[in-house]
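I opened this structure to look at one helix and its surroundings. My notes follow.

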Amino acid sequence: MAQKISDNYYKERNERGLLRLREILDTLPPFAQEFFIGVQMRTTVLTRLNYAYDLRIFFHYLSVKKYRNLPVEEIALIDLEKLTAYDIELYLDYLSRYEIDGKTYTCEEKAKERKLSSLRSFFKYYFKKDKLTANVCAKVDLPKLHDKPIIRLDAQEVQALLTETETGENLTPRQKSYQQKLNKRDTAIITLFLGTGIRVSELVGLNREDFDFDANSFTVTRKGGNKSILYFSDEVKSSLLDYLAWLDEKVITDRKNNEFGFKVHHSPTPNAMFFSNQGSRYSVRAVEYLVKKYSKIVTPLKHITPHKLRSTFGTSLYHQTQDIYVVADVLGHSDINTTKKHYAQMSEDIRKKAANAVVLRPDDNKDD
């Protein structure tokens with residue numbers, strides 16, 4: 001029974017994704033449905049939903065630019081057959097600034113790369129099925145991505161963030177009124193991010209039964225649906241237990257006083273680990289706001305998100321272990337190159353040590 005409850009969050013998320021996917025499919029050419037059926041056994045709902053978002057933009061472009069007001073629903077495979085690599089390059093240029101439904105959007109290198117990758121998968125499918133004679137997208141190079149500086153917190157900023165989360169000393173009076181009621185929860189969330197490096201999507205899906213405090217471990221559902229057991233320190237354990245003790249006491253107190261300001265006992269997901277003050281499971285957006293609220297006080301020049309806290313943990317773990325494979329495993333990276341790119345950058349300390357690692361003139365008299 002516990003397993004069924006634990007899976008509810010991800011099941012409901014997938015159901016919402018499927019409903020949204022079907023809505024978008026209704027706006028694509030009828031032949032596109034075959035692609036989504038063909039790839040469903042080897043892709044997640046989220047992946048297919050991202051494909052659908054990207055293809056909707058592509059077919060809108062064909063409708064208003066390439067084929068000049070040809071309705072999207074009338075676009076056929078023969079129209080894709082007519083496209084050249086140059087047409088795809090024109091589409092990528094179009095993505096730099098475009099309009100849909102009266103709204104203007106822009107795409108930088110990373111977004112263009114993803115949209116081209118979606119197109120490559122789409123064309124590759126029909127090419128393999130002998131419904132297209134060529135995959136013109138394969139002839140177009142992926143955009144060159146320029147490395148951006150990795151933003152993370154240093155040790156002093158980590159301490160300052162935890163202190164601010166616990167005390168709320170520099171919050172506005174209105175923010176402080178909420179913080180004084182919910183600081184146990186907020187501290188537990190920030191501590192769990194910094195102490196384990198989990199993703200925000202993984203955190204909001206956690207249930208109480210996922211935790212084993214005797215073993216200092218918990219089960220997390222990774223991207224793609226795989227489950228992993230992660231471990232946490234005694235410091236993280238202490239923060240989580242403080243939060244759970246407060247949560248249980250809060251529910252008991254509210255019941256006695258007939259107060260329902262924190263309606264956990266009325267929540268449809270009573271086993272969720274983290275709640276909003278309305279009693280519902282904490283959402284990704286709410287967690288992102290929580291991190292932003294505290295971090296902008298500590299380090300206003302850095303735009304800190306839950307992913308930046310993940311980067312902070314990953315960097316610290318690499319510096320402690322010097323083992324990129326351990327970091328990749330703990331963070332749940334399927335590609336070791338992702339880990340190398342983000343977490344193996346040498347720090348100033350490592351550079352200084354490297355400067356003294358090679359001795360040009362060894363002391364010949366050191367054994368005398």
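I began at the end of the helix: just after helix 6, Asp130 takes a positive phi of about 60°. Helices here are DSSP runs (H or I, at least four residues), strands are E runs of at least two, and both are numbered from the N terminus.

I noted that this is a predicted model, where local features need pLDDT of at least 70, side-chain atom pairs count only at pLDDT 80 or more, and totals for chains, interfaces and linings use all residues. Residues are numbered from 1 along each chain as its sequence is written, and side-chain values use heavy atoms, without hydrogens and water.

I checked confidence next. The protein chain averages a pLDDT (the predictor's confidence in each residue, from 0 to 100) of 86, and 85% of the residues score at least 70. Over residues 1-6 the pLDDT is below 50. Beyond near neighbours in sequence, that stretch has eight contacts (heavy atoms within 4.5 Å) in the model.

I then asked what span the 20 residues of helix 6 should have. At 1.5 Å a residue, taken times one less than the number of residues, the answer is 28 Å, and the end C-alpha atoms are 28 Å apart, which agrees.

I looked up burial (under 20% relative accessible area, 1.4 Å probe, protein chains only). Buried residues of helix 6 include Leu116, Leu119, Phe122 and Phe123. The buried residues of helix 6 pack against helix 2 (32-39), helix 3 (45-66), helix 4 (77-81), helix 5 and strand 1 (98-100).

Last, I took the helix 5 contact. Ile88, Tyr91 and Leu92 in helix 5 meet Lys112, Lys115, Leu116 and Leu119 in helix 6.

Note on methods. Buried < 20%, exposed > 50% of the residue type's maximum accessible area, 1.4 Å probe, protein only.
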